[in-house]
Amino acid sequence: MGSLLPNELLLRSLEDQYPCRELQIRQLTTLLNPCLPPLPCLVVHGLEATGKTAVIKRILDSNGTAYAFIKCQECITARHLLERTIASCQDAIEEMDEGSTSQKGYSRCESMSALAVQLQELLHRKLRFVLVFDGIDRQREAPPTLLPTLARLGEIIPQLTVVLIVTAPRPRFLHATGIPHVHFSPYNREQSLNILAASPRYIFEDKPPSPSGGYTSAEAEADSVFVWTRFCGAVWDSLARGAARDIVSFRAVADRLWKPFLAPILDGTYGTRDFSKLMVKNRTLFQGDAILVDSIVPGEARQRFGIQTRKVHDLPYHTNYLLCAAYLASYNPARQDPVYFMKASEKKRRKKGGGTAVGRVAKHRKIQRRLLGPQAFVMERMLAIFHAILPRPVTATADILTQIATLASLRLLVRTSGTADPLEGQTKWRVNVGWPYIQNLARTVKFEIEEYLAE
């Protein structure tokens, strides 16, 4: 009989591989211990880039437990998720049993009941199996009963453990109690610096120092660690603390600033231990936020061709979509709203005699509506467009009206009608921003506004 406690050697290796996650590793190794009875359901939650997926995979691999890992973001519909689940379970069982299970008869899975039946047939000879759903809270076209049903699969199949990896679980989102939760908290400043200090970058990466000059490789490595640790602390205090909180973004920002920061050392102006002088010399690197903006055009080319980054207001998430909806309402004709904002719209016009009417060829060249200036629109139309372009539905509350008033106070929206109540549904407004501004604003929320703009 195996030990009921996790192996200390395994814990040490996992803690060395994933620093600052000692508590979560010990909790998961205990809950997923193959010597204990299978747990029906387990919820692992935390923000992005906190190590949830990597730690769970490493623990399951080290335990030798058969498991299937499903990336829910790769599944388009709920049926696609169910069929991917069956296929992943078959692949995992065939890998463990060396091809003893046939895939015939298990390709179609249209409902949760069919999933439960097929999983029972697949796992009736297994002692333990773990089914991991990564990002299940972001599943597209998910029915409201998907999560509670997945959480109860472990109750129907005794040898099955369902692990749900989510970002921020809602209260009672599984409609059940007694389900253990493991939280992966975001890395703080000390933890982030320790993680980046474990893999430092070297000062002389492109031009190694010559041994004949009396500067050995050990001294170069020590100087690199000295500069790198202090440099990462300066990057966190100036940029990463507010704009790059996750460890992946923090590392990306540090990598971008590393070579420009070392330029005075490489050209011989300062030594490797003159960190305070380097900070004074390169203070402009930490004062602006241009390094946080992703661009395919290098900084030198932008200066050469005079390309400037257009700045936009730092607005809340839904306020950005409200302003985009106002721009579309100002520049799109109202008669074309069903074409651009309805999911199922008839784009072809039927003529009286049957068939499809062919559009007439314009005799004169049409001017783009963006060049004609913004037109007035009623607030009800803007709110309808706002709810149509949102990736996720939102309830119409007083907070939406407050954000409209904020846009009006910033003069991004201008009222054109003299109604008593400015937030009345029939009040007319007009957008007060241009195309370059709204294009950059839409990119901040990853909204393709060009697809919804009429020609």
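**Close-up 1. Glu141 in the loop between strand S3 (129-134) and helix H6 (146-151).** In this predicted model, Glu141 has a positive phi of about 50° even though this residue is not a glycine. The relative accessibility of Glu141 is 62%, and Glu141 therefore counts as exposed, the cut-off being over 50%.

**Close-up 2. Ala49 in the loop between strand S1 (41-46) and helix H3.** Ala49, which is likewise a residue other than glycine, takes a positive phi value, near 60°. With a relative accessibility of 28%, Ala49 counts as partly exposed, because this class lies between the limit for buried residues, under 20%, and that for exposed residues, over 50%.

**Close-up 3. Helix H3 (residues 52-63) and its span.** Just after H3 comes Gly64, whose phi is positive, at about 75°.

**Close-up 4. The buried residues of helix H3.** Lys52, Val55, Ile56, Ile59 and Leu60 are the residues of H3 that are buried. Around the helix axis they cover an arc of only 125°, and they therefore lie on the same side of H3. The spacing along the chain can be read against the geometry of an α-helix, in which there are 3.6 residues a turn, so that residues three or four places apart point the same way.

Notes
Residues numbered from 1 in each chain as written. Predicted model: local features only at pLDDT ≥ 70, side-chain atom pairs only at ≥ 80, totals over all residues. Heavy atoms only, no water. Helix = DSSP H or I, 4+ residues; strand = E, 2+ residues; numbered from the N terminus. Expected span 1.5 Å × (residues − 1). Buried < 20%, exposed > 50% of the residue type's maximum accessible area, 1.4 Å probe, protein only. Arc of directions from axis to C-beta.
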